[in-house]
Amino acid sequence: MASPTSETSLPITFLNDISNAQAATLSNKILDRHHYEEKIIREHVDEEIEMRKSNHLQVNFFKDWMSCLAPASCVQQRSNEIPRIAIMKNTVVYDCIQPNIEELCSARNIDDITICNHHIALHAKLLDQLPALGPTCAKTTSHLCDTRDCLRESHLTLESMGMNLSRKSCPGVILTLKCNGPSTLKLIIQYKPCVHGINHPEVQGDF
């Protein structure tokens, strides 16, 4: 068991001591236990837009892209608190990491450890270890969907606090819709990515 440094918190140290596979198993247990489901948070879409499954490839792409992985009870974009789990030293619920948590708790003379849910999902996604995370650190975790409850791996990323804060004023992707009649679905005829999407290092296309 590694010792936390002045920059690395105890939960991050613990996560770096378990494998990515263990983190993935732990994340899946959280999804099952708290009834997570794929859903579009209504705050992300104008009220007049219906994101229904369609034969139109662009509609299906944006519907999937906008779908968060959040608890069934989550109906708002921002919860008041960052979702966390407290794992007890003698846990049987999260048995996939029970020896690891027992070792840490015994070494630190504590009964449990509280970990941010999205840090677990992020560790499952990344091949490298997690760096020190937080407002005063070089890196922080961003929810690209701006939904704290979301655990969808593609919506989680590591970036600087400056980049994280710049997303608060981001208008998001702009879709131009065309209505062909009162009884037909509106069609996407044009889309414009936000500046974060345009400047993404993996972007393809000329915007």
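**View 1. Helix 1 passes helix 4 in a right-handed crossing.** A crossing is called right-handed if the near helix is turned clockwise from the far one by less than a right angle, and left-handed if anticlockwise. The contact, meaning heavy atoms within 4.5 Å, is made by Leu10, Phe14 and Asp17 of helix 1 together with Asn100, Ile101, Leu104 and Arg108 of helix 4. By class, this contact of helix 1 with helix 4 has 4 nonpolar, 1 polar and 2 charged residues, where Ala, Val, Leu, Ile, Met, Phe, Trp, Tyr, Cys and Pro count as nonpolar, Asp, Glu, Lys and Arg as charged, and the others, Gly among them, as polar. The model is predicted, with local features needing pLDDT of at least 70 and side-chain atom pairs counting only at pLDDT 80 or more, while totals for chains, interfaces and linings use all residues. Residues are numbered from 1 along each chain as its sequence is written, and side-chain values use heavy atoms, with hydrogens and water left out.

**View 2. The buried residues of helix 4 line one face of the helix.** Helices (H or I, at least four residues) and strands (E, at least two) are DSSP runs, numbered from the N terminus. In helix 4, Gln98, Asn100, Ile101, Leu104 and Cys105 are buried, the term standing for under 20% relative accessible area, with exposed over 50% and partly exposed in between (1.4 Å probe, protein chains only). Seen down the axis of helix 4, these buried residues fall within an arc of 160°, so they line one face; the arc is that of the directions from the helix axis to the C-beta atoms. They pack against helix 1, helix 2 (20-33), strand 3 (84-88) and strand 4 (112-116), whereas the face of helix 4 turned away from its buried side carries the exposed residues Pro99 and Ala107. Just after helix 4, Asn109 takes a positive phi of about 60°.

**View 3. Asn164 has its place in helix 6 (residues 161-166).** Asn164 is buried, with a relative accessible area of 18%. Leaving aside neighbours within four places in sequence, Asn164 is in contact with Thr140, Thr141, Ser142 and Glu159.

**View 4. Thr157 has its place in strand 6 (residues 156-159).** At 23% relative accessibility, Thr157 counts as partly exposed. Not counting residues up to four places away in sequence, Thr157 touches Leu122, Thr140, Thr141, Ser142 and Leu144. The C-alpha atoms of Thr157 and Lys139, which are 18 residues apart along the chain, are separated by 9.8 Å.
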